[in-house]
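Subject: Structure handover and notes

Hi,

Here is the structure we talked about passing on.

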Amino acid sequence: MFTRLPHDLRPRRDVVHDVFPVRARHAALAALLASLMLPASRSFAQSEPTALIDQQHCMFCHTNDAPFLAPSFQQIADRYRSDPQAQVMLEHKLRAGGRAHWGDMAMPMPAERGGPLSPEDAHTLVEWVLRH
Ligand code: HEC
């Protein structure tokens, strides 16, 4: 409507607010900021071995907090929290496979997940999983 007004007749602030309610603009801005900040906060979180996680497609089957095709990393961390052998056992399992502990479906071997996994990388990944 006010697009037809002469240019020097600026719409009053309250008219603008009617067209774009403040709340909606805040929501849109918050969504925009969230989408901009997500990639940044991910790459800045040094404690997440992001490149390894991507390369081995961990998040293809796992999520941090909800069971999906596989137990969530929180469930796994809870299960092994008080087990001092878990770190070494899981590192081995991540590299060499092993009997399923959660159901019938075993985790695929590194070659099927994206490539060979060194002992150091397996260590890093299991440490990260158990920190959940
Ligand atoms: C193709 C799907 C898939 C991918 C990719 C995958 N996982 Fe799994 N993962 C599973 C399944 C299924 C299980 C449950 C296996 C079982 O019962 O022991 C599992 C179990 C685990 C466990 C617990 C094993 C146990 O013995 O309790 C850990 C730790 C784990 N995954 C870490 C990872 C990490 C780290 C990655 C990335 C390097 C990864 N997973 C990638 C499917 C996957």
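Below is what I found in it, going from the overall picture to single residues.

First, the ground rules. This is a predicted model, so local features need pLDDT of at least 70 and side-chain atom pairs count only at pLDDT 80 or more, while totals for chains, interfaces and linings use all residues. Numbering starts from 1 along each chain as its sequence is written.

On confidence: pLDDT is the predictor's own confidence in each residue, on a scale from 0 to 100. The chain averages 81, and 65% of the residues score at least 70. Treat residues 40–45 with care: pLDDT stays under 50 there. For that stretch the model has two contacts beyond four places in sequence, a contact being two residues whose C-beta atoms, placed from the backbone, lie within 7 Å.

**Overall fold**

The chain has eight helices and zero strands, so read along the sequence the pattern is α-α-α-α-α-α-α-α, with elements taken as DSSP runs numbered from the N terminus (helices are H or I with at least four residues, strands are E with at least two). Of the contacts with a separation of 6 or more, 57% are between residues 24 or more positions apart. Buried residues make up 9% of the 132 residues in the chain. Here, buried means 20 or more other C-beta atoms within 10 Å of the residue's own, exposed means 12 or fewer, and partly exposed is in between, again with C-beta atoms placed from the backbone.

**The ligand shell**

A total of 24 residues surround the ligand, and the closest are Q56, C58, C61, A70 and W102; the criterion is a C-beta atom, placed from the backbone, within 6 Å of the molecule. Helices α4 (58–61), α6 (86–96) and α8 (119–130) are the elements that give two or more residues to this shell. By class, the shell has 17 nonpolar, five polar and two charged residues. In that count, Ala, Val, Leu, Ile, Met, Phe, Trp, Tyr, Cys and Pro are nonpolar, Asp, Glu, Lys and Arg are charged, and the others, Gly among them, are polar.

What does the UniProt record mark as a "binding site"? The unreviewed entry places that feature at C58, H62 and M109. Positions are in the numbering used here, feature names are shortened, and annotations may be inferred rather than shown by experiment.

Two of those positions in detail:

- C58 lies in helix α4, and counts as buried because 21 C-beta neighbours fall inside 10 Å.
- H62 sits in the loop between α4 and α5 (73–80). With 22 other C-beta atoms within 10 Å, H62 is buried. Beyond its neighbours within four places in sequence, H62 is in contact with F68, A70, S72 and F73.

H57 is worth a look too: its phi is positive, about 55 degrees, although H57 is not a glycine. H57 lies in the loop between α3 (50–55) and α4, and is partly exposed, with 13 C-beta neighbours inside 10 Å.

**The nonpolar core**

In soluble globular proteins, nonpolar side chains tend to be buried together. I took a core as a set of buried Ala, Val, Leu, Ile, Met, Phe, Trp, Tyr and Cys residues joined through C-beta atoms within 7 Å. The largest one has eight residues: I76, L90, L94, L117, A122, L125, V126 and V129. Helices α6 and α8 are the elements that give two or more residues to this core, and α8 has the largest share, with four. Leaving out neighbours within four places in sequence, I76 is in contact with P71 and V129.

Which residue lies 6.8 Å from E48, C-alpha to C-alpha, while being 80 residues away in sequence? That is W128. E48 is in the loop between α2 (22–44) and α3, and with 14 C-beta neighbours inside 10 Å it counts as partly exposed. Its contacts, apart from neighbours within four places in sequence, are I53 and W128.

A111, in helix α7 (residues 110–113), is 55 residues from Q56 in sequence and 8.9 Å from it in space, C-alpha to C-alpha. A111 is exposed, with 9 other C-beta atoms within 10 Å.

Cheers
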